[in-house]
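Hello,

Here is the structure we talked about handing over. Please look through it first; my notes on what turned up follow below.

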Amino acid sequence: MRTALVIGTGLMGTSAALALNGRGVDVYLQDHDETVARTAEALGAGTCAAPPEPVDLVVVAVPPAHVATTLAEAIGGGRGRGYLDVASVKGGPRRDLDALGCDLSGYIGTHPMAGRERSGPLAATADLFEGRPWVLTPTAATATDVLNLALELVALCRAVPVVMDADAHDRAVALVSHTPQLVSSMVAARLEHAEDSAVRLCGQGILDVTRVAGSDPGMWMDILAANPGPVADVLADLSSDLAETVTALRALQSADDDKRRGGAAGIEDILRRGNAGRAKVPGKHGAAPKPYEIVSVLIGDQPGELARLFADAGAAGVNIEDVRIEHSAGQQAGLVNLLVEPRSAPVLTAALRERGWALRQ
Ligand SMILES: NC(=O)c1ccc[n+]([C@@H]2O[C@H](COP(=O)([O-])OP(=O)(O)OC[C@H]3O[C@@H](n4cnc5c(N)ncnc54)[C@H](O)[C@@H]3O)[C@@H](O)[C@H]2O)c1
Ligand SMILES: O=C(O)C(=O)C[C@]1(C(=O)O)C=C[C@@H](O)C=C1
């Protein structure tokens, strides 16, 4: 692929453009808000100039409700050899495009399973897609050249291609993305009118559960409106788990021993099923989840502390597999949890102690 046109230079479009531009593709940028396209250009994602000739690949990264019309316009204008979109829902846009009478052989629906709770080009990063699944939904009508262009895009973004049927994709993301978004919003909504004295106690657990509750409601309205049935199906199953959990908790308050035992069994069941489900969530780079050991280090909240810690781990020859930071409420300090291979944990612990770091057991 030598040239690409990215239409919609927000978080997704600019991230893809940065990755492509960084790997030698000439990227043209277009957004219906010109200042957004100019911002992406200033970030080094490509140029706002119009492409002098049809590009190899047109990447449409606009909100789901605008995908079909934007694609139809680009296809009608003969702007590329191949066309794809990155919208979070796949069945609807394809049907809409079909209804607009477009030739679908040059189009493939795709969805990178990477993102953030922030929108716009300033939130974009060239490595957003690295190691993440990128779903491709070819049909019998999709030209082989176009599938190959999509695979090349995925490779240039260092993502992992996953081929799926569009409707199966929509059911899958209802489970792993759209319902979690709603549940995160619902948990966070409980805090809206909570007492300050309660909110002050928020710790890492609620931060983890509510991160995506900070997402743009406009974009999520679009996504949910394009996938309401599958999301409602998952939420209905969840609501029967919720109802059973409430019943079990009420039974725990009972004076009757048998009822309390039944309640405890119900709660334990949901907690154990939760462990089993969590164990299925893929680990780093989409691989099977690996058990890491955590080395916890207390650091001061000041410039250079993290860099010094990582350098000391590097000097000990230990690869940090993942890192999580807990910020202490009301203190200029934080707890850095370094996740390492079990065999590296004693090596790292000894090396950090020797260099004077305060370790937490
Ligand atoms: N944010 C995520 O986590 C995520 C992840 C995967 C896929 N997606 C999908 O990617 C797409 C873009 O999402 P985003 O997070 O980058 O949103 P964003 O709001 O950051 O960017 C969307 C951009 O599209 C532009 N736009 C809107 N209508 C347009 C039109 N008709 N023509 C040209 N530009 C137009 C907007 O001005 C905006 O700059 C959506 O379809 C979304 O479902 C998002
Ligand atoms: O990490 C996040 O912030 C996301 O919400 C990303 C996420 C997801 O649910 O995984 C959200 C929507 C997209 O369609 C794909 C990815």
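**Overall picture**

Of the 361 residues in the chain, 32% count as buried. Please keep in mind that this is a predicted model. The chain has 13 helices and 11 strands, and its C-alpha trace spans about 70 × 55 × 40 Å along the principal axes. Among the contacts with a separation of 6 or more, 68% are between residues 24 or more positions apart.

**Helices 6 and 10**

Much of what I noted concerns one pair of helices. Two packed helices are described by the angle between their axes and the distance between the axes. For helix 6 (residues 166-189) and helix 10 (residues 228-252), the axes come within 8 Å and cross at roughly 60°. That angle makes helix 6 oblique to helix 10. The crossing in which helix 6 passes helix 10 is right-handed.

The residues that meet are as follows:

- From helix 6: Asp170, Arg171, Ala174, Leu175, His178, Thr179 and Leu182.
- From helix 10: Pro230, Val231, Asp233, Val234, Leu235 and Leu238.

By class, the residues of this contact divide into eight nonpolar, two polar and three charged.

**Helix 9**

Helix 9 (residues 217-225) has Asp222, Ile223 and Leu224 buried. What do the buried residues of helix 9 pack against? They pack against helix 3 (64-76), helix 6 and helix 10. The pair described above therefore comes up again here, since helix 6 and helix 10 also meet each other, with axes that cross at roughly 60° and leave helix 6 oblique to helix 10.

**Around ligand 2**

The residues around ligand 2 are Ser88, Met113, Ala114, Gly115, Arg116, Glu117, Ser177 and Val212. By class, this shell has three nonpolar, three polar and two charged residues.

**Arg353**

The last item is a single residue. Arg353 lies in helix 13 (residues 345-354). Is Arg353 buried or exposed? Its C-beta atom has 12 others within 10 Å, and a residue with 12 or fewer counts as exposed, so Arg353 is exposed. Trp134 is 219 residues away from Arg353 along the chain, and the C-alpha atoms of the two are separated by 41 Å.

Regards

Technical notes: Residues numbered from 1 in each chain as written. Chains lettered and ligands numbered in written order. Predicted model: local features only at pLDDT ≥ 70, side-chain atom pairs only at ≥ 80, totals over all residues. Axes fitted to C-alpha atoms, helices over the stretch in contact; angles between N-to-C directions. Helix = DSSP H or I, 4+ residues; strand = E, 2+ residues; numbered from the N terminus. Parallel < 35°, antiparallel > 145°, perpendicular 65-115°, else oblique. Left-handed = near helix turned anticlockwise from the far one by under 90°. Contact = placed C-beta atoms within 7 Å. Nonpolar A, V, L, I, M, F, W, Y, C, P; charged D, E, K, R; others polar. Near = placed C-beta within 6 Å. Buried ≥ 20, exposed ≤ 12 C-beta atoms within 10 Å, placed from the backbone.
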